[in-house]
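Hello,

Here is the structure we discussed handing over.

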Amino acid sequence: PSMNTKMWSSKMVQANIEKLKDAGYEFMEPASGDLACGTEGKGRLPAIEEILERMEDIFTSKDLTEETVLVTAGPTMEFIDPVRCITNRSSGKMGYAVAKMAKRRGADVTLITGPATIEFPRNDIDIVHVTTACQMRDAVMEHYKKAGVVIMTAAVADFRCREENCQKIKKKGDSNYMTLELEKNPDIIGELGKVKEQRIIVGFAAETENLLDNAKEKLKKKNLDIIVANDVAKAGIGFGSDNNEVMIIEKSGKAKQVPLLSKEEIANIILDSVKKALKNKKRIKEDWY
């Protein structure tokens, strides 16, 4: 509904809405902001993207309602000085798609995001904003304990400057070169793999060569359940694109090639693999007892 704030909050309107809800009608809360009558408050028509997402939500099977999912997304930024940084081309689209689809399928979702370049279409997901790899590490270690599934799509910088300059670096002398001394950032997914317990952990591998071999090595080394690998050297997929083409590799070694699809479609295929891994882990646990 969209209307004046006082009309929206009136007892009669609220009573009628409850009657319609009891009869099976779906409602969205009005948005807040400037209203047509010149006042400000709750009563605006929600954004079209939110309305479309709610429609999708209504018609999607809720097969992850018992799961709490933690998703990381976007790039990190490692500062050289106040105006320069080391980062990468990640837009955050893949991670945002995973978070959206997990929520659409009924999961309780927390999204930890670096400085992504896109807006998130849902307002019912807990979002934690970070900038650097160290900040992302701290946020992940703070939130992972309540999650049964952790999906690490973020493109975290491997290195940061050993010393960040407090002032902008100026050109000096006639040299055409300068040297930056770098140190390794925390291995977030490796750290998670050591404390995973019964959680399902999904990693991503952005590769430019030896896709399958490199992904399998990372899967084993980081103690992951699933790894999603894609060739970022291919045009039209990966960083910044709305589409992707990936290979999903399970802990058993089984690999599934996923052809060029939208990132939302791929997110659902990834979540199907997560659901399968959850069932397998539950069955093993039951057999053990």
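Asn 223 sits in the loop that links helix 7 (211-221) to strand 12 (226-231). The model is predicted, so please read every value below as computed from it. Phi of Asn 223 is near 60°, a positive value, and the residue is not a glycine. Most residues other than glycine have a negative phi. Asn 223 has a relative accessible area of 30%, so it is partly exposed.

Glu 197 is the other case to look at. Its phi is also positive, about 55°, and Glu 197 is not a glycine either. Glu 197 lies in the loop between helix 6 and strand 11 (200-207). Is Glu 197 buried or exposed? Glu 197 counts as exposed, because its relative accessibility is 61% and the cut-off for exposed is over 50%.

**Overall picture**

The protein has 289 residues, and 40% of them count as buried. Its secondary structure comes to eight helices and 14 strands. The C-alpha trace spans about 75 × 60 × 35 Å along the principal axes. Take the contacts between residues at least 6 apart in sequence: 60% of these join residues at least 24 apart.

**Helix 5 and its cover**

Helix 5 covers residues 133-143 and includes Cys 134. Which residues of helix 5 are buried? They are Ala 133, Met 136, Ala 139, Val 140, Met 141 and His 143. Their cover includes strand 3 (68-73), strand 4, strand 6 (108-113), strand 7 (126-129), strand 8 (149-152) and helix 6 (188-194).

Thr 72 gives a close-up of this region. Thr 72 belongs to strand 3. Its relative accessible area is 0%, so Thr 72 is buried. Beyond residues up to four places away in sequence, Thr 72 touches Met 136 and Val 140, along with Gly 95, Ile 112, Ile 151, Met 152, Thr 153 and Ala 154.

Cys 134 is not on the buried list: at 28% relative accessibility it counts as partly exposed. Leaving aside neighbours within four places in sequence, Cys 134 is in contact with Arg 160, Asn 185 and Pro 186. Cys 134 and Ala 147 are 13 residues apart in sequence. In space, C-alpha to C-alpha, they are 20 Å apart.

**The hairpin and the cysteines**

Strand 4 (residues 78-81) and strand 5 (residues 84-86) run antiparallel and are joined by three bridges. The two strands form a hairpin, with two residues between them. One of the pairings is Glu 78 with Ile 86 of strand 5.

How many disulfides are there? The count is zero, with a cut-off of 2.5 Å between cysteine sulfur atoms. Cys 85 is in no disulfide: the nearest cysteine sulfur belongs to Cys 161 and is 9.7 Å away. Cys 85 has 28% relative accessibility, so it counts as partly exposed.

Best regards

Definitions and conventions:
Residues are numbered from 1 along each chain as its sequence is written. This is a predicted model: local features need pLDDT of at least 70, side-chain atom pairs count only at pLDDT 80 or more; totals for chains, interfaces and linings use all residues. Side-chain values use heavy atoms; hydrogens and water are left out. Two strands pair if DSSP finds at least two bridges between them. Helices (H or I, at least four residues) and strands (E, at least two) are DSSP runs, numbered from the N terminus. Buried means under 20% relative accessible area, exposed over 50%, partly exposed in between (1.4 Å probe, protein chains only). Contact means heavy atoms within 4.5 Å.
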